[in-house]
Amino acid sequence: MITKGKRIVALLLIFMMLPGLLSGCWDSREIDKLFIVTGIAIDATDDPDQVDVTMQIGKERKGEAGLGEAQTGGSSTIVLNTVNDTIMGAIREFNRNSNRKLLLQHNPIRLFGIEVAEHGVKKHIDLFLRDQQARLEVPVAIVEGRAADVLTGTLDQDPLSGMFVAGLLEDLSKVSVELQVRMLDFVSRLLQETVAPMMPIIAVVGEEDKKEIKTVGMGIFKGDKLVGRLDNDQSLGYIWAMGDVSQFNVKVQEGIDKAILHVSKLKTKREVTISDDGVVKVKLSMEGGASIAEMEGFGNMTPQNLIPHLKDLAQEEMKQTVTEAFQISQGLNADMLAISATLEQRHPKKWEKIKDRWDEIYPTIELTVDANLKILGTGQIIQSLEMEEAMK
Amino acid sequence: MLFGYLIRKLRFLTSYRNIQHQSGNSANEETKVEKQNEIKIQKSLHENLKNLKNILCDSQDLNVHSIRFGSESQFSAAIVFFDGMIDNPTLTDGILRPLMLWGMGKKEDPDDTDLLNILEQEVVCASTVTKEEALSELAAGCLCGETVLLVDGCMGGLVINTKGWEKRSVTEPASETVVRGPREGFTENLRTNTSLIRRKIRNGQLKLEQLKVGEKTQTTVCLMYLEGVANPKIVEEVQYRISQLDVESILESGYIEEYIEDAPFSPFSTVDYSEKPDVVAARILEGRIAIVVDGTPFVLTVPMLFIESFQTAEDYYVRPMYASLLRIIRFIAYFITVFAPAVYIALNSFHHELIPTTLLFTFAKAREGTPFPVFVEALIMIFAFEILREAGVRLPRPVGQAISIVGALIMGDAAVSAGIVGAPMVITIAITAVAGFLVPSQTDSGSMLRVVMMIPAAVLGLYGVAFGFLGMLVHLASLESFGVPYFDSFSNTRDMQDTLIRAPLWAMTRRPKGIARGDMTRGHFFIPPLRPFASDKHQEDDAQEGGES
């Protein structure tokens, strides 16, 4: 029999031991002993076994004066750079050479130099998948030229360029989820061998003291290697084909007459058929609502026949853009629309048969695109000012 | 549970010591008692006065006024009272004047044995006049502010009620102010206080029991409760605990509270108090027992539930929706006041990933260059705040203002711009401190617990905070107040009507289950009339029915 006194003593002991036994996380670290990483860039070096790692450390955000003091001069970032054989090695080196520890959780962006992307990114992303601090939700991007340039350059837009790029991609994702590629999206496409991973490409433009960051398109991967790219306009073809686009603009032109149509809530249905002899046909039907955003010319038309006309032009434009983007991917033999994944889901048995021949089949796929827009409105005015004369 | 063990151990030890103590001293005490009883009243006025003065140590404020009265001024007598404890007009009009005038034109003088009875019944004009034969009783009467009349040749004296002394009038209580609701508060006078309660509850069932506590102070302590509503067992328990008190003095109700509370080692109080008659009346109506102590405006009520700290008088005077909102805000505020510094420390030293990036930069900038770890920083700030608060309470009012200005400047601005503490920490401590005052009766527990919670937070992060919270809940759930679980109102659905939300009064038809016994119904459920002139219709119906019958 255990007496009550003993039981209470035992209970007390257990309570006192619990925190120590169950946790063991004595890794308390004050914020002033941390480096908040606001960007990681990975570049290639001359030696293929080495990797050039650059990290941007944010010191303060612009406009947050905090204590009411005047803004101190000097840079609001610290840039660490090293060449090491692994990324972890580089991080260890950074930690060793400073009194602070790198805080990776808040890292908003991972950048790859175009050279690294062309050589293959597989060996450089293991850490980002394995490490607890590194989040899978962090967006990734390719940088035209050296990735480190994005982090080192003082931007006019935001001194914390890493945060700025992340914000930029975040905004793009509001247009279409396909435009922002997170580590998770990239890796899940990479794991489906036949599907081509995509990654947005950004570039640093401008002079030394007036640098700006711009998106220049989407990179198409074959496996883990960058093989080709779509420019900004062609990227639209990609996102339209993938569907679920919340809003975008279509530019139509007929001679000197121009119009921009604002399309919202585009839905794309895809129909993939496969015949017994392995001929794959894809039909994309896009549906969305549009309104006139800006118009120039069309002086010889009346509002009644202008709207169907614009609609036809826009539909044609969309069809063309999608087809063009698809043709580029067929040329690269990279299945960026994830048609193979659709096949695998819908026709698993047939897919098993043609799986090995996919590289031969992909360039031969027949694509038919169907666009169906509804003109919802013309904006606050109906006809353009040039049209008024025609009315009289 | 832990405290229970400690208390039992202590109780055993003290009772053991008392037994030893008593066996040594019992003989001594008995002789003392006998000695006091020895002094008996004599026939001689002179002797009696001498003895009475002796008992009262011949104190300088003891007034002895010798008079002669009767038709031929044949009786000599003395009135004895303490200066300042009696009401002079009552003395003059009620005792002196009738005595002097009595016997004018009377032929026969009564004999000595009848004299006291006649004086008591026919002459003295006062609300209460009692005849006492023991000198100790006469002395006790003097000490209470009564006047003693001794007549030469009579075995005994009259104790005449002439109580009257300077007292504070009924004013608005400083500790519990309301926007809407009665503004009267208790005073230091026991009788005033009981009358204030009785004026709220004009019911014969409101029972008052009076006890004297304190060997030296002889303080009057009153229990007030509603017979048939209060749980008799709890009443008995309160009576027992108070009667067991063996103390020298009771100067404030806090003395009683400390001696009768269930968990003396807990940061949480298990006896509630109030300075407002309406609050005490409401609690009595819920079946609680009020303990009114002479000499203090703070009236104790037992049993206390945890939820009581979050209820204010005004909750029941404003409309229920707003009252419920305030209730919820008070709960959140209490949570903030206990946990905000702990959570801030945990986030700053462990869980940087939980802070939004932009906020993290702000924190980082503020932390830059501050010399102490965030835990020490929090301790310093809390300590400084407690010093300022205490200073504000204790200092005379004009100086207090200066202190608060200096405090605000030093704490709020100078400390931050000098780089001793970070601005976010100042904000955290400020909101913590302000939130603490939303729940006045838990301010003390809150200011202790917030320091306690900071330790696990600094060691284990949010895990530690969760651990501390759990520990606090376990402790709270283990508490009892006079046999009623501290969390009683959360344990059954019916009593939930007055916890997180305050149900409309017309829906709260039953008294709290855990407290009251017997008559549980407060009223009948009804929904207030929605149709206009419903009462007119009702009367018409009544009239029609009357006509038909």
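Me: Why are B:Arg283 and B:Glu308 called a salt bridge?

Reply: This model is predicted, and the value is computed from its atoms. The closest N and O atoms of B:Arg283 and B:Glu308 are 3.5 Å apart. The cut-off is 4 Å, so the pair qualifies as a salt bridge. B:Arg283 lies in helix H9 (residues 277-285) of chain B, and B:Glu308 in the loop between S10 and H10, so the pair ties together parts that are 25 residues apart in sequence.

Me: Why can such side chains pair at all?

Reply: Side chains of opposite charge can do so when their charged atoms come close. Over all chains, the rule gives 33 salt bridges.

Me: What makes B:Glu368 and A:Arg100 a salt bridge?

Reply: Their closest N and O atoms are 2.6 Å apart. The limit is 4 Å, so this pair passes too. Between chain A and chain B, the count is three salt bridges. Nine residue pairs are in polar contact between these chains, with both residues at pLDDT 80 or more. On the side of chain A that touches chain B, helix H1 (4-22) and strand S1 (34-44) each supply at least two residues. H1(A) gives the most, with eight residues. By class, that side of chain A has 17 nonpolar, seven polar and ten charged residues.

Me: How do you know that chain A and chain B are in contact?

Reply: The test is heavy atoms within 4.5 Å. By that test, 34 residues of chain A are in contact with 29 residues of chain B. The two chains bury about 2,900 Å² between them, with 68% of it on carbon and sulfur atoms. On chain A, the three residues A:Glu30, A:Ile31 and A:His106 supply 23% of the area buried against chain B, more than any other three.

Me: Why are A:Lys222 and A:Asp359 also called a salt bridge?

Reply: Their N to O distance is 3.1 Å. Across the interface of domain 1 and domain 2 of chain A, the rule finds one salt bridge and six residue pairs in polar contact. Helix H6 (161-175), strand S8 (212-222) and strand S9 (225-231) of chain A each supply at least two residues of the domain 1 side. S9(A) gives the most, with four residues. That side has eight nonpolar, four polar and four charged residues.

Me: How do you know where the domains of chain A lie?

Reply: The bounds come from a domain assignment. Domain 1 of chain A covers 28-64 + 71-231, and domain 2 covers 243-392. Their C-alpha centres lie 33 Å apart. The contact takes 16 residues from domain 1 of chain A and 17 from domain 2 of chain A. About 1,200 Å² is buried between these two domains. In domain 1 of chain A, A:Val175, A:Thr194 and A:Lys222 lose the most area to domain 2, together 37% of what that side buries.

Me: How much confidence does chain B carry, and where is confidence lowest?

Reply: Its mean pLDDT is 85. The value reaches 70 or more in 90% of its residues. In chain B, helix H18 (residues 534-548) is lowest, at a mean of 58. Strand S9 (residues 289-293) of chain B is highest, at 95.

Me: What marks out the phi of A:Ala338?

Reply: Phi is near 60°, a positive value in a residue other than glycine. A:Ala338 is found in the loop between helix H9 (303-332) and helix H10 (339-346) of chain A.

Definitions and conventions
Residues are numbered from 1 along each chain as its sequence is written. Chains are lettered from A and ligands numbered from 1 in the order in which they are written. Side-chain values use heavy atoms; hydrogens and water are left out. pLDDT is the predictor's confidence in each residue, from 0 to 100. Buried area is the accessible area (1.4 Å probe) that two parts lose on being put together, summed over both. A salt bridge is a side-chain nitrogen of Lys or Arg within 4 Å of a carboxyl oxygen of Asp or Glu. A polar contact is a pair of N or O atoms within 3.5 Å; within protein, one must be able to donate a hydrogen and the other to accept it, and residues adjacent in sequence count only if both atoms are side-chain atoms. Ala, Val, Leu, Ile, Met, Phe, Trp, Tyr, Cys and Pro count as nonpolar, Asp, Glu, Lys and Arg as charged, and the others, Gly among them, as polar.
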